[in-house]
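Please keep the sequence and the coordinates at hand while reading.

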Amino acid sequence: MNRKNIILCGFMGCGKSTIGSLLSKKNGMSFIDLDSYIEKKENKTVSQIFADSGEEYFRQLEREASKELSTKNGLVIATGGGTLTYQVNVDQFKKGGSIVLLDVPVEVVAERLQNDTTRPLLNRPDKDKAMRELYEKRMPLYKAAADIIVNAAQSPLQVCNEIMSSLSI
């Protein structure tokens with residue numbers, strides 16, 4: 001069966017991996033976390049890739065992975081926080097699927113990421129300020145890319161049900 005992909009986007013900490021995993025199980029689809037996919041290919045963590053080769057190199061890997069995955073079917077893909085801030089990736093993913101924005105207020109994100117040290121773009125002394133600035137910059141891009149916007153401040157099951165209802169699956 002040729003099933004369209006479901007591409008999850010949203011700010012870091014919005015629940016893309018959690019929702020993606022649950023959504024794939026409920027629909028018999030394969031789940032791919034884009035950052036993990038890149039980490040496996042490079043045999044390094046995203047943080048290591050950023051430290052060793054810089055953000056631009058990571059973004060190139062992201063573009064390649066987006067292009068590759070958009071040619072497949074039946075996937076639930078959790079994109080990285082910056083993936084869909086690049087139009088080339090949005091265009092790739094739209095060819096084979098629907099983009100779903102998991103919308104969470106910045107205050108909820110701040111709470112969820114409070115003790116998280118795995119985010120390279122937030123590993124700095126002014127973490128909260130940096131997170132809020134990045135959130136303000138990225139949200140309009142996510143909204144422009146999204147086919148569907150879902151309130152992700154509710155339970156994962158509620159979010160999944162809302163996505164399935166919106167996509168008629």
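N89 lies in helix α5, where helices (H or I, at least four residues) and strands (E, at least two) are DSSP runs, numbered from the N terminus. The model is a predicted one, in which local features need pLDDT of at least 70 and side-chain atom pairs count only at pLDDT 80 or more, while totals for chains, interfaces and linings use all residues. Residues are numbered from 1 along each chain as its sequence is written, and side-chain values use heavy atoms, with hydrogens and water left out.

N89 has a relative accessibility of 1% and therefore counts as buried; the term buried means under 20% relative accessible area, exposed means over 50%, and partly exposed lies in between (1.4 Å probe, protein chains only). Leaving aside residues up to four places away in sequence, N89 touches E62, R63, S66, T83 and L84. Contact here means heavy atoms within 4.5 Å.

Among these partners, E62, R63 and S66 also take part in the contact between helix α4 and helix α5. Two packed helices are described by the angle between their axes and the distance between the axes. The axes of α4 (residues 55-69) and α5 (residues 87-96) come within 8 Å and cross at roughly 15°, so α4 is roughly parallel to α5. Axes are lines fitted to C-alpha atoms, for helices over the stretch in contact, and angles run from 0 to 180 degrees between N-to-C directions. Angles under 35 degrees count as roughly parallel, over 145 as roughly antiparallel, 65 to 115 as roughly perpendicular, and the rest as oblique. The crossing of α4 past α5 is left-handed, a term used if the near helix is turned anticlockwise from the far one by less than a right angle, with clockwise giving a right-handed crossing. On the α4 side the contact is made by E62, R63, S66, K67 and L69, and on the α5 side by V88, N89, Q92 and F93. These residues divide into three nonpolar, three polar and three charged. Ala, Val, Leu, Ile, Met, Phe, Trp, Tyr, Cys and Pro count as nonpolar, Asp, Glu, Lys and Arg as charged, and the others, Gly among them, as polar.

Helix α4 also meets helix α2 (residues 34-42): their axes come within 10 Å and cross at roughly 105°. The two helices are therefore roughly perpendicular to each other. From α2 the contact draws on L34, D35, Y37, I38, K41 and E42, and from α4 on Y57, F58, L61, E62, A65, S66, E68 and L69. The contact of α2 with α4 comprises eight nonpolar, one polar and five charged residues.

The strands come next. Strands of a sheet pair through backbone hydrogen bonds, either parallel or antiparallel. In this model five strands form an open sheet in the order β2-β3-β1-β4-β5, with parallel pairing; two strands pair if DSSP finds at least two bridges between them. Strands β2 and β5 are the edge strands, each pairing on one side only. On average, neighbouring strands of the sheet are turned by 25° against each other, direction ignored. Helix α7 packs on this sheet and touches β1, β4 and β5, its direction making about 145° with that of β4.

Strand β1 (residues 5-9) pairs with β3 over three bridges: I6 is partnered by V76, and L8 stands opposite A78.

Five of the five residues of β1 are buried, so β1 is largely enclosed by the rest of the structure. Both of its faces are covered, with N5, I7 and C9 on one side and I6 and L8 on the other. Strand β1 pairs with β4 (residues 97-103) over five bridges, and I7 stands opposite I99. Six of the seven residues of β4 are buried, so β4 too is largely enclosed by the rest of the structure. Strand β4 pairs with β5 (residues 148-151) over four bridges, in which I149 is the partner of L101 and N151 the partner of D103.

Finally, P140 is located in helix α7 (residues 127-145). With a relative accessible area of 51%, P140 is exposed. P140 and T85 are 55 residues apart in sequence, and their C-alpha atoms are 9.1 Å apart in space.
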